Amino acid sequence: MNNKDINVLALAYLGDSVYEIYIREYLIKKGIEKVKNLQEEAVKFVSAKSQASFLKKMIDENFFTEEELSIVYRARNHKGSRHPKHTDIITYKYSTGFEALIGYLYLEKREDRIKKIVKEIIGE
């Protein structure tokens with residue numbers, strides 16, 4: 001199966017996990033050891049609101065390729081009105097687009113690109 005043909009919500013499901021691992025690794029290597037503190041810091045990167053904000057900023061800066069944007073937009077425009085109670089539908093759709101891109105890149109074995117995206121987000 002072509003990775004572009006995978007359901008975008010399945011890509012987002014995978015991308016959520018992959019992205020969280022990168023962020024957790026970053027925070028642990030930063031020297032944060034208490035789980036409570038790790039969780040508090042992680043939310044700054046992995047919440048839907050944060051992901052949507054990072055994605056919009058990176059789109060504005062022309063960070064992504066056309067191929068990457070096509071995955072983001074396909075996921076963002078996926079039909080469906082359900083979203084978590086703690087966020088609005090637009091924020092949720094943007095974060096889904098972000099997670100789908102990470103999932104897609106992971107399946108494409110493009111971890112170098114994932115690392116560039118994470119470095120951009122964490123400011124390295």
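Which residues are linked in a network of salt bridges? They are Lys4, Glu67, Glu68, Arg110 and Arg113, and one of the views below looks at part of that group. A quick note first: this is a predicted model, where local features need pLDDT of at least 70, side-chain atom pairs count only at pLDDT 80 or more, and totals for chains, interfaces and linings use all residues. Residues are numbered from 1 along each chain as its sequence is written, and side-chain values use heavy atoms, with hydrogens and water left out.

**View 1. Helix α1 and what it packs against.** Helix α1 covers residues 8-29 (helices are DSSP runs of H or I, at least four residues, numbered from the N terminus). Its 22 residues reach 31 Å from first C-alpha to last, close to the 32 Å expected at 1.5 Å a residue (that is, 1.5 Å times one less than the number of residues). Buried residues here include Val8, Leu11, Gly15 and Tyr19; buried means under 20% relative accessible area, exposed over 50%, and partly exposed in between, using a 1.4 Å probe and protein chains only. The buried residues of α1 pack against α2, α3, α4, α5 and α6.

**View 2. The two ends of α1.** At the start, a side-chain oxygen of Asn7 comes to within 2.6 Å of the backbone nitrogen of Leu9. Just after the helix, Gly31 takes a positive phi of about 105°.

View 3. Lys29 and Glu25 meet through their side chains at 2.7 Å, N to O. A salt bridge is a side-chain nitrogen of Lys or Arg within 4 Å of a carboxyl oxygen of Asp or Glu, and the whole structure has nine. Because they sit four residues apart in helix α1, Lys29 and Glu25 are about one helical turn from each other. Lys29 is exposed at 65%, while Glu25 is partly exposed at 36%.

**View 4. A salt bridge between distant parts of the chain.** Arg110 and Glu68 form a salt bridge at 4.0 Å, N to O. Arg110 lies in the loop between α5 and α6 and Glu68 in helix α4, 42 residues apart. Glu68 is buried, with a relative accessible area of 0%, whereas Arg110 is partly exposed at 26%.

**View 5. Gly97 in helix α5.** Gly97 sits in α5, residues 89-107, and is buried at 0% relative accessible area. Leaving aside neighbours within four places in sequence, Gly97 is in contact with Val72, Ala75 and Arg76 (contact means heavy atoms within 4.5 Å). Gly97 and Val8 are 89 residues apart in sequence, yet 8.1 Å apart in space, C-alpha to C-alpha.

How values were computed. A polar contact is a pair of N or O atoms within 3.5 Å; within protein, one must be able to donate a hydrogen and the other to accept it, and residues adjacent in sequence count only if both atoms are side-chain atoms.
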